[in-house]
Amino acid sequence: PRPRRAPAPHAAPPPDPRAAFGPRAWRCRRGVPTTPRVVKSMTWREVCAFLTALGIPVSRSPPTLLHALREGHVYQELIHRISPAYYVRHRVGHVHEQSRNYVFKTVQRFFETDLVIGVVGCQKVDIADLVGGRARVHLELLETFKTLIEARREHDEHRRDALALRTAEGY
């Protein structure tokens, strides 16, 4: 067998997977994956159907829909649907007044909460691409929000069933 070569001195060390999540990475709880979950992106038609089913009025035209997503109001409404308490406590409805970048920074802070980390793990929002209007990034972000809304519905159904069971047993 041939002897192994020593690594080249100019080779970079392997990247630390936690470094990709910025200064707030410490908020990730143990047992939750620290790498971003691979999220398939939705199609424009699926996005329109999803947002319309939630009662959020959007255009069916992809360029107009992308413009609405870049503005950030859709994401504010999605945060309101997932966690009304977070929406009120962090004044998410008013962040659009400061700047469009601030809307996406608020989305990043929302993704760093225990509620979101418990469902989808630690997620990094690419603010520059969202503001720039990269369609793929918006579609992936909407798929993550869809996962969160489905988890919220399951949680609410479980609580409703538990309450009905307690009521039926006479507690």
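**Before you start**

This is a predicted model, in which local features need pLDDT of at least 70 and side-chain atom pairs count only at pLDDT 80 or more, while totals for chains, interfaces and linings use all residues. Residues are numbered from 1 along each chain as its sequence is written, and side-chain values use heavy atoms, with hydrogens and water left out.

**Stop 1: the whole protein chain**

Show the chain as a cartoon. It has eight helices and zero strands. The pattern along the sequence is α-α-α-α-α-α-α-α. Both element types are DSSP runs, numbered from the N terminus: helices are H or I with at least four residues, strands are E with at least two.

Now colour by accessibility. Of the 171 residues, 33% are buried. Buried means under 20% relative accessible area, exposed means over 50%, and partly exposed lies in between (1.4 Å probe, protein chains only). The accessible surface of the chain is about 11400 Å², and carbon and sulfur atoms hold 54% of that. These areas come from the Shrake-Rupley method with a 1.4 Å probe; for residues, only the protein chains shown count as cover.

Turn to contacts, meaning heavy atoms within 4.5 Å. Among contacts with a separation of 6 or more, 64% join residues 24 or more positions apart.

**Stop 2: helix 2 and helix 3**

Select 62–71 for helix 2 and 73–82 for helix 3. Two packed helices are described by the angle and the distance between their axes. Here the axes come within 5 Å and cross at roughly 65°. The contact is made by A68, L69 and E71 of helix 2 with H73, V74 and Y75 of helix 3. By class, that contact has four nonpolar, one polar and one charged residues. Nonpolar covers Ala, Val, Leu, Ile, Met, Phe, Trp, Tyr, Cys and Pro; charged covers Asp, Glu, Lys and Arg; the others, Gly among them, are polar. The axes are lines fitted to C-alpha atoms over the stretch in contact, and angles run from 0 to 180 degrees between N-to-C directions.

Next, pick G72. It sits in the loop between helix 2 and helix 3. G72 counts as buried because its relative accessible area is 0%. Draw a distance from G72 to L130: the two are 58 residues apart along the chain, yet their C-alpha atoms are separated by 9.3 Å.

**Stop 3: inside helix 3**

Which residues of helix 3 are buried? Select V74, Y75, Q76, L78, I79 and I82. Their cover includes helix 1 (44–53), helix 2, helix 4, helix 5, helix 6 and helix 8.

Zoom in on Q76. At 6% relative accessible area, Q76 is buried. Leaving aside neighbours within four places in sequence, Q76 is in contact with Y87, V92, G93, H94, V95, H96 and V103.

**Stop 4: helix 5**

Select 100–111. Helix 5 has twelve residues and reaches 17 Å from first C-alpha to last, close to the 16 Å expected at 1.5 Å a residue. That expected span is 1.5 Å times one less than the number of residues.

Its buried residues are V103, F104, T106, V107, Q108, F110 and F111. Among the elements covering them are helix 4 (84–89), helix 6 (114–120) and helix 8 (135–169).

Centre on T106. With 2% relative accessibility, T106 is buried. Beyond four places in sequence, T106 is in contact with Y86, V92 and V95.

**Stop 5: R91**

Finish in the loop between helix 4 and helix 5, at R91. Is R91 buried or exposed? R91 is exposed, at 51% relative accessible area. R91 also has a positive phi of about 50°, although it is not a glycine.
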